[in-house]
Amino acid sequence: MLLCHSSPTFAATYNVRDYGAKGDATHIDSPAINAALAQAAADGGGTVLLPAGTYLCYSLHLQSNVTLRLDSGAILRAAPVTDTEGYDAPEPNAYDQYQDFGHSHWHNSLMWGDSLENVTLEGQGLIDGSDVLSRGARKTAPGRPTVANKALALRNCRHVTIRGLRFLSCGHFAMLLTGVDDLTIEDVVADTNRDGFDIDCCEQVVVRNCKVNTVNDDAIVLKCSYALGWAKPTQQVLIEDCEVSGYDVGTLISGTRTTNTEKAPDGDGPTGRIKLGTESSGGFRHITIRRCSFSHCRGLALETVDGAAMEDVSVSHITMNDICNSPIYIRLGDRMRAPQGFHKSTVSDIRISHVSVTDADSRYACLIAGVEGHPVRNVRIEDLSVQFRNPLTLEDVRLQRGRNPFFIPEARAANELGEANYPEPSAHGIQPAWAFSISHARNILLKDVNMSMTGRDERPPVYRKDTRKIRFRNVRYQ
């Protein structure tokens with residue numbers, strides 16, 4: 001059972017204006033805010049308050065037993081890097097070869113904390129990284145002030161609450177939370193230009209009633225990388241009553257929800273989904289996702305490709321509309337960005353139920369794919385309804401080799417996808433079936449399923465390769 005902690009209450013309030021903060025969108029306020037944070041910590045805890053105003057800041061150093069509260073009308077804005085001023089430099093990490101640079105460093109952020117406990121960020125204010133926080137994740141050139149690539153980064157922390165805030169255009173991550181146990185994120189809105197919430201190697205997590213819009217990357221994503229130097233699992237996670245989407249950046253917060261951006265940088269359609277993976281060394285266990293909606297984005301992705309065991313995952317009461325790739329993508333891969341000799345990935349005990357999908361791209365079907373000798377096992381999908389758009393011909397399947405730069409012929413073993421080929425539905429190519437494509441899998445149950453197409457598709461509804469005990473009960477194709 002997931003346990004949700006109560007944030008400790010500290011009586012003392014430290015108004016950043018009393019420490020010299022101006023909130024005038026011109027003066028650099030990070031020294032004053034850091035002084036207030038340090039004083040609150042030295043006094044044994046308290047609340048650091050940002051009243052209404054625009055606070056231009058470089059790196060803020062969060063503290064144990066301290067709440068950072070942004071009042072309504074308060075904007076914490078990332079300050080532009082100059083020839084002489086910038087953000088904290090990324091700290092060394094001996095294990096950064098096993099995941100992208102952005103996943104391996106925390107200090108190069110607008111706000112960060114390391115080995116803290118009892119940390120709360122809350123309020124009705126806005127964290128704004130527009131035009132400053134880097135969408136890329138590379139090192140800053142030697143001798144130059146550091147460019148930050150995330151709004152909030154925490155490593156090895158406990159008892160953390162993030163509540164009520166809004167995040168806008170926050171670079172590589174709105175939040176990178178690595179090794180954070182007893183974590184609650186609720187009533188948060190993130191409308192950003194790359195990842196929303198990256199929850200990596202974390203245990204006892206609740207993400208509730210959040211809205212995350214990320215046209216260019218994943219919205220709510222669980223990972224279990226090797227960034228901490230050991231295979232720490234992500235487990236006991238509840239994601240409920242959340243909305244994810246891939247509208248143009250900033251248009252969720254503005255309310256316009258425009259759809260002018262047709263493709264993410266990887267060449268596929270808008271991202272904005274809930275995903276497990278891709279960084280996956282430590283294991284995913286006891287994950288529950290329920291009562292969430294997907295709009296104008298990619299579908300649900302459950303991926304383990306670096307040696308992690310994915311087991312006991314429950315997904316239920318999901319609605320999706322305007323989905324640009326597989327509504328359901330379950331992928332066991334063999335990328336193996338992990339220490340030499342690491343164990344192989346496994347997938348078992350996945351339960352997906354009460355899912356309704358409308359207006360889904362027909363090219364990639366619902367995909368379940370393992371690798372030869374390492375099948376996906378024990379998947380149960382029931383009460384699923386999917387309506388696909390754009391029926392295809394067999395000629396579309398034959399001609400795709402020249403159209404799709406991501407295409408890997410299905411005849412090649414799935415473990416040949418390798419590190420250079422990111423696990424996405426498009427990497428498998430247009431599928432030879434329109435409803436389900438299942439390969440290298442054992443003991444799969446599809447029950448009470450209704451799959452429909454807006455017109456006549458020349459492909460059969462189901463494709464299977466190297467499968468055993470695939471059961472269809474009350475499955476209809478229209």
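Predicted model: local features only at pLDDT ≥ 70, side-chain atom pairs only at ≥ 80, totals over all residues.
A disulfide is a pair of cysteine sulfur atoms within 2.5 Å.

**View 1. Cysteines C201 and C242, with the cysteine closest to each of them.** A search of the whole structure finds zero disulfides. The cysteine sulfur closest to that of C201 belongs to C224, but the two are 6.3 Å apart, which is too far for a bond. For C242 the closest cysteine sulfur is that of C210, at 4.7 Å, and this distance is likewise too far for a bond. C201 has a relative accessibility of 0% and therefore counts as buried, and C242, with a relative accessible area of 2%, is buried too.

**View 2. The aromatic pair of Y58 and Y87.** Six aromatic pairs are found when the whole structure is searched. One of them joins Y58 and Y87, whose rings lie 5.1 Å apart from centre to centre with 80 degrees between their planes, an edge-to-face arrangement. The pair links distant parts of the chain, since Y58 sits in the loop between β4 (53–57) and β5 (60–61), while Y87 sits in the loop between β7 (74–78) and β8 (111–114), 29 residues apart. Both Y58 and Y87 are buried.

View 3. Because Y95 lies in the loop between β7 and β8 and Y226 in the loop between β18 (220–224) and β19 (234–240), the pair ties together parts of the chain that are 131 residues apart in sequence. Y95 is partly exposed, with a relative accessible area of 34%, whereas Y226, at 13% relative accessibility, counts as buried. Y95 and Y226 form one aromatic cluster together with Y98 and F342.

**View 4. D306 and its surroundings.** D306 is found in the loop between β23 (300–304) and β24, and with a relative accessible area of 1% this residue is buried. Its side chain makes a polar contact of 2.7 Å with the side chain of R335. The C-alpha atom of D306 is separated by 5.0 Å from that of S280, although the two residues are 26 residues apart along the chain.

**View 5. Strand β24 with its partners β22 and β26.** Strand β22 (residues 284–297) and β24 pair in the parallel sense over 11 bridges, and here C292 stands opposite I318 in β24. β24 also pairs with strand β26 (residues 346–361), again in the parallel sense, over 12 bridges.

View 6. S326 is placed in the loop between β24 (309–323) and β25 (328–332), and its relative accessible area of 0% makes it buried. A polar atom of the S326 side chain lies 3.3 Å from the backbone oxygen of Y364. Not counting residues up to four places away in sequence, S326 touches G299, L300, Y364, A365, L367 and P425.

Technical notes. Residues numbered from 1 in each chain as written. Heavy atoms only, no water. Phe/Tyr/Trp six-rings, centres within 6.5 Å; stacked < 30°, edge-to-face > 60°. Helix = DSSP H or I, 4+ residues; strand = E, 2+ residues; numbered from the N terminus. Buried < 20%, exposed > 50% of the residue type's maximum accessible area, 1.4 Å probe, protein only. Polar contact = N/O pair within 3.5 Å; in protein donor to acceptor, adjacent residues only side chain to side chain. Contact = heavy atoms within 4.5 Å. Pairing = 2+ DSSP bridges.
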